[in-house]
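Thanks, everyone. Let's look at the aromatic rings in this one.

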Amino acid sequence: MKTLQSTFSVLFILFVSTCFSQNYKFDKIVKSNFSTQLFPNQEWTNLFNSEDDSYHMQIYNRNDSLVSRIFDIKENQVHYFHIDKSDSLKLYFMETKNMTSNITENKFEFSEIKEKKGIKEITFKILNDKDKKIAKYKFVIKETDKSYFSVFKLSALETQLFNKIKTPMNFIVLEAKGTNTSGRFVKYRLESIEDINLNIKIPN
C-alpha cells in the first residue's frame, strides 16, 4: 500500500496549474469488492475525506489507462481526470460536468446491534415515502471513533448519493449483503482502508 500511496502522491505532484479554484483533500484510500449477479467481484478504489462526505473520488481502469473522477455533491459536479500510464503516470484534468441533484423521500432504519461470536451485525432498511421497504441489507460492522458509514454509502448506494443518512452509532461497514432499490442482490466487502494525504486542485 505504501507503493500505491507513493504513486498517487507522484500523480498529484505532477499535476501543475497556475490558477486553481476548487480544492479537495483526501485522507482515506479504500479498496473494496462489490458483486452483483451480472458483475461479480468488481474491485473498487475510492478516496474519501473522513471529515467531509460531500465529495469522494473513484479511480478505475479504462482500457489501458487509469481514469479518475471526483463527485462533488455540494456543487453538483463531476470532475474527470485521465492518467496515462505511458507518460510517467501523469494526471491530466479533462473536464467538469454538472450532475442533477437527486434527493429522494426515502427513510432509513437501523436495527440494534446483534453480536455472535465476536461478530457485530446490523440490519439496514430503506423505505419509500409510503413506509414500504424498498431495500434491505445486513451489515457486518466494526465500531469506530467516528462515523465511516459514508465509505459504504458513497461506494455502494448510488441512489442515495444526495441523501443524508444518520447512523445510530459510529461504525464502518466491513461486509454487506442484501437487495438494493432495483431488487437486485448485491454483496460488498471492505478490503482495506488506509491513511493518505492528498490534495487535488481543479483549474479554472
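Start with a charge and a ring. The charged end of Lys97 sits over the ring of Tyr80, 5.6 Å from its centre. Sitting over a ring needs NZ of Lys or CZ of Arg within 6 Å of the ring centre and within 35 degrees of the ring normal.

A word on the source. This is a predicted model: local features need pLDDT of at least 70, side-chain atom pairs count only at pLDDT 80 or more, and totals for chains, interfaces and linings use all residues. Residues are numbered from 1 along each chain as its sequence is written, and side-chain values use heavy atoms, with hydrogens and water left out.

Now ring on ring. Rings of Phe, Tyr and Trp (its six-membered ring) pair if their centres lie within 6.5 Å; planes under 30 degrees apart are stacked, over 60 edge-to-face, the rest tilted. That rule gives 18 aromatic pairs.

Take Phe110 and Phe149. Their pair is edge-to-face, with 5.6 Å between centres and 80° between planes. Phe110 lies in strand 7 (residues 107–110) and Phe149 in helix 2 (residues 149–156), so the pair ties together parts 39 residues apart in sequence. Helices (H or I, at least four residues) and strands (E, at least two) are DSSP runs, numbered from the N terminus. Both Phe110 and Phe149 are buried, meaning under 20% relative accessible area (1.4 Å probe, protein chains only).

Next, Phe152 and Tyr188. Their ring centres are 5.0 Å apart and their planes at 80°, so this pair is edge-to-face. Phe152 is in helix 2 and Tyr188 in strand 12 (residues 185–203). Phe152 is buried at 2% relative accessibility, Tyr188 at 4%.

Last, the cluster. Ring pairs link a set of residues, among them Phe110, Phe149, Phe152 and Tyr188.

Conventions. Buried means under 20% relative accessible area, exposed over 50%, partly exposed in between (1.4 Å probe, protein chains only).
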